[in-house]
Amino acid sequence: MPPKFKRHLNDDEVTGSVKSERGENLLEEDSDEEEDFFLRGPSGPRFGPRNDKIRHVQNQVDEVIDVMQENITKVIERGERLDDLQDKSESLSDNATAFSNRAKQLRRQMWWRGCKMKAIIALVAVILLLVIIVPIVLKYHT
């Protein structure tokens, strides 16, 4: 944040140069009113409302600065949360891809296991048929 936005003026800083000019008699007593205003600064009642306006505007500027600082902080936090969310999303994507690959591999493995089981059952059935049919055929053939 630039330092000029963080500076807060108090009454002494605002009126300090005016008081120093009042202490010195820069012009003689015969100067007109306009020159007195510029050399000595504004006088009593005219300076009060203007000082209030300056304070009011300064307070508004301070409020805007605070709001902007909060907004910047929120944007930074949001960016961090978005980075975390993106990392989690990439992690989930990687996990989903690994799961899909493992599921395909497991499906193939189970398919081959089913094929082996069917082949073993078919072989056992053929052997049983041979054990039953061969003696019957040999008995009737002789």
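Guide: From the N terminus on, the elements run α-α-α-α, that is, 4 helices and 0 strands, where helices (H or I, at least four residues) and strands (E, at least two) are DSSP runs numbered from the N terminus. Keep in mind that this is a predicted model, in which local features need pLDDT of at least 70, side-chain atom pairs count only at pLDDT 80 or more, and totals for chains, interfaces and linings use all residues. Residues are numbered from 1 along each chain as its sequence is written, and side-chain values use heavy atoms, with hydrogens and water left out.

Now for the close look. L123, I127, L129, V131, I132, I133, I136, V137 and Y140 make up a nonpolar patch on the surface, together about 910 Å² of accessible area. Areas come from the Shrake-Rupley method with a 1.4 Å probe, and for residues only the protein chains shown count as cover.

Take V137, which sits in helix 4 (residues 44-141). V137 is partly exposed, at 44% relative accessible area; buried means under 20%, exposed over 50%, partly exposed in between.

UniProt, in an unreviewed entry, puts a "transmembrane region" at residues 117-138, though its annotations may be inferred rather than shown by experiment. That stretch is 100% helix and 0% strand, with its end C-alpha atoms 31 Å apart.

Note on methods
Patch = residues over 30% accessible without salt bridge, like charges linked within 9 Å, V, L, I, M, F, W, Y side chains within 5 Å. Salt bridge = Lys/Arg side-chain N within 4 Å of Asp/Glu carboxyl O. Buried < 20%, exposed > 50% of the residue type's maximum accessible area, 1.4 Å probe, protein only.
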